[in-house]
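Reader: I would like to learn how to read the features of a structure like this one. Could you walk me through them with a few worked cases?

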Amino acid sequence: MQEFYKLKASEVVTNLNTTLNGLKDDEVTKRRTEQGFNELIEQDKKSTLQVFLDQFKDFLVIILIAAAIISAFLGKLESTIVIMVVIIINAILGTAQHKKAEQSLNSLKALSSPTAKVMRNGQKIEIPSKELLVGDILYLDAGDYISADGRILETFSLQVDESSLTGESESILKTVDCITGDNIAIGDRKNMVFSGSFVTYGRAIVVITAIGMNTEIGKIASLLKNAGEKKTPLQENLDAFGKKLAVIILIISGIIFGISVFRGEALAESFMFAVSLAVAAIPEALSSIVTIVLALGTQKLAKQNAIIRKLHAVESLGSISVICSDKTGTLTQNKMTVQKLYLNGQIIDKDHLNINNKHEKQLIQMALLCNDAITVNKKEIGDPTEVALVNLGEIYGLDEQTIRDEIPRIDEIPFDSDRKLMSTVHNINGKTIMITKGALDVMLLRATGIQTDDGVLPITTKDKEEIEKTNYNLSKDGLRVLAFSYKELNDVAGVSLDDEQDLIFYGLISMIDPPRVESAPAVANCIQAGIRPVMITGDHKVTAASIAKQIGILKNDSEAMEGYELDSLSDEQLKEKVEQISVYARVSPEHKIRIVRAWQERGNVVAMTGDGVNDAPALKQADIGIAMGITGTEVAKDAASMILTDDNFSTIVKAVSNGRSIYENIKNSIKFLLAGNTGGILAVLYASITALPVPFAPVHLLFINLLTDSLPAIAIGLEPHNNSIMKDKPRNINTSIINKTFAIEILLEGLIIAISTMAAFHYGLSTGNELVASTMAFATLSLSRLFHGFNSKSKESVFKGGLFTNKMLWLSVLVGNLLLLVVLLVKPLAKIFEVASLNNTQFYVVYGLSLVPLALVQIYKLLFVKNDGNANE
């Protein structure tokens, strides 16, 4: 492969047969055919057949296969056929669940894939990174994820984190200069950028030299990030619980086997029954049901503008007790509109500017020159604050691109959130002028002069007090204020941070970003749900407090704190005070980490929003890092657990609500499975201890296992969202899903199912026919477990408005009933399933007893469970 780092930038462009105006459409089509897409080929995924065959590796399935073989040797061909049918149907269901979950996760990955800014047909556009081609002219800014290898053509203080490739944690300062020598290490190719790295500072223009598997990261298979999906903590806990439960049930089955043999029953029959009991009692569907419910839950969240990048976040959502949110764009509309300007000691409304006034026109020009936003075909590209300045220029006939062409940018110092400034250098009227825009408090500390109608004068304390008073009054009205200054440079060789001193203050431009209409109700929902909303912003305290009061976050001004006040507190002092503060203003990214840690040390589960490069550490520190999908940098998105595609605070609240519902549904599914299995085990234990005939044939237990496990459990897992769930306090994340109270409920509900089942068995025995008794016990256990699905679907009684909310549950119960009736009524199946024909009275008894657990649990819920006035949606 050609060593582009040895060539001049212009030579690379020529060699790749491209231009600085980018590729044209016909060239894009041609190169796409030749190069394909910019994608890394992931490790081969298992085919559907492989997934299907993997279902047979399960320990329980192996036991079943052994049982089928033994049954065949004993001449019970019907049992062998039924066992194999059960195994195959279970394998089909397992495969379907696996593929559905895989498809859901793949679609989520596609939704959160990065984008790239390129020049095509002479215009700067944004495209999905997978569409990059060799020869594309790529524009990089701070926070961008680099998705292809490239040679730098122009750089403005570009620094890149290449730790994913080199292991070097410090950012690399890039250059355009040629590098001589052979076999230069990746970390030393400082005029190149590489896929898998990201921009931490500055900006650059790059020509793409390699895409997909031809990139440096494409050559290193071990660095593929998405090679495998880890199990979530809940899945791991359930797997561990399932294994322990399996051991207990196998011991119980062994005891039952021993009792049966002791009572003189045939060894083979006793073995088959013990195996069937173990298979029916062990809830092997636990983990797979959690997987499918989590996967489908993330799909629902994606439709509501919350893309889950890490599956464990779904579990954590329900435990969030603090949401630390940025103000701009999340709680506000992020639609900046310039309202007022201040210069020469006067406040001027945006509609009353005099474009013929030299100073007023120059302030607008400065705002357009020290600015990276553009408007292309009425599409706004760039930071909303800078877009607002571009829109102000358009009102007065000043086109940003025209002005930038007339007064080109020579050099720049990009904005960063630590120093809160951005500077650009231009040649204006033969002089090298640096224009600086940014936060007023920082600007005034560096200003030594002030622009007036009488020319440039030394800035006085009185001047600063007047400017600060104006800034306060504007901020009090909820306006965001930007300060502008300039400075003439003597040295044109290059601009540095040291040049941002001795500035000449020029003026202020204020703009409004009104709160989102939905922010106030979302904050109210948060507070009702026991979640503390906290605003963290880089804006002034007065502006932040104004917005926070409007939406209900701030009750009184003593709950607001500025960054410098936070600096004066030790970590221990902050931990003590953090609960008293609702608004943090003028904060740096380092402050965000301290705030998150302080809340966490008080035992809270914290969600944190962020969009910039420097927000990444705080996003990783938070229990759930939430990146902005619109304004967020790719670095922030990569560090986050969740991405908001609409940058909206209310979406976080919806996600929390849905996260709570998903967790509750999973819990209800587990309860349904374990209560039904407990009923079956208790019924068999009762019969064994009281020396009654065996109530079930092995084939009955296998049928029940297939009929009453997966489909109703998944249906319960998909129970529609319950609005009343936001009236509960956040769940303690350290509390196990299967606690003492939960276990007692499972045992009691299982006991009721067992009593109904054995009542049917005793009724059948009273007829003098053991086959009728076994059939009635089998039918009652099947139906009572199916009907128990309505008990498990929610905490409240289904008669409080929730009876018909879950169509999937009704369908699974209906299908279960029909399958059972087919077994009981179709005579050719009677021998296979070892059932007797039941008369009408016996059918009435079966259905009546099957409804007893449903009736008793519902009566209890009606009398003792509080009605929250829930509504499902």
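Reader: With which residue does D136 form a salt bridge, and how far apart are the closest N and O atoms?

Author: Happy to start there. A salt bridge here is a side-chain nitrogen of Lys or Arg within 4 Å of a carboxyl oxygen of Asp or Glu. D136 pairs with R120, and their closest N and O atoms are 2.8 Å apart. This pair links distant parts of the chain: D136 sits in the loop between strand 2 (123-128) and strand 3 (137-141), R120 in strand 1 (residues 115-120), 16 residues apart. Helices (H or I, at least four residues) and strands (E, at least two) are DSSP runs, numbered from the N terminus.

Before we go on, a note on the source: this is a predicted model, where local features need pLDDT of at least 70, side-chain atom pairs count only at pLDDT 80 or more, and totals for chains, interfaces and linings use all residues. Residues are numbered from 1 along each chain as its sequence is written, and side-chain values use heavy atoms, with hydrogens and water left out.

Reader: Are D136 and R120 buried or exposed?

Author: Buried means under 20% relative accessible area, exposed over 50%, and partly exposed in between (1.4 Å probe, protein chains only). D136 is buried, at a relative accessible area of 0%, and R120 counts as buried at 8%.

Reader: How many salt bridges does the structure hold?

Author: The structure holds 29 salt bridges. Among them, E500 and R446 meet through their side chains at 3.9 Å, N to O. E500 lies in the loop between strand 19 (479-488) and strand 20 (503-512), R446 in helix 14 (residues 440-446), and 54 residues separate them. Both E500 and R446 are buried.

Another case is R516 with E518, at 4.0 Å, N to O. R516 counts as buried at 15% relative accessibility, while E518 is partly exposed at 30%. Salt bridges can also share partners, and in this way R203, D372, R409 and E412 are joined into one network.

Reader: How many disulfides are there?

Author: The general idea is that a disulfide is a covalent bond between the sulfur atoms of two cysteines. The rule used here asks for a pair of cysteine sulfur atoms within 2.5 Å, and by this rule the count is zero.

Reader: Which residues gather in a patch of negative charge on the surface?

Author: Patches are made of residues with over 30% relative accessible area and no salt bridge; like charges are joined within 9 Å, and nonpolar side chains (Val, Leu, Ile, Met, Phe, Trp, Tyr) within 5 Å. The negative patch gathers E380, E394, D399, D405 and E406. D399 lies in the loop between helix 12 (384-395) and helix 13 (400-406), and D399 is partly exposed, with a relative accessible area of 34%.

Reader: What does the chain look like as a whole, in secondary structure and in its box?

Author: The chain has 30 helices and 26 strands. Its C-alpha atoms fill a box of roughly 115 × 65 × 45 Å along the principal axes. Of its 873 residues, 55% count as buried.

Technical notes. Accessible areas come from the Shrake-Rupley method with a 1.4 Å probe; for residues, only the protein chains shown count as cover. Lys and Arg count as positive and Asp and Glu as negative; His and the chain ends are not counted. The place of a charge is taken as NZ of Lys, CZ of Arg, CG of Asp or CD of Glu.
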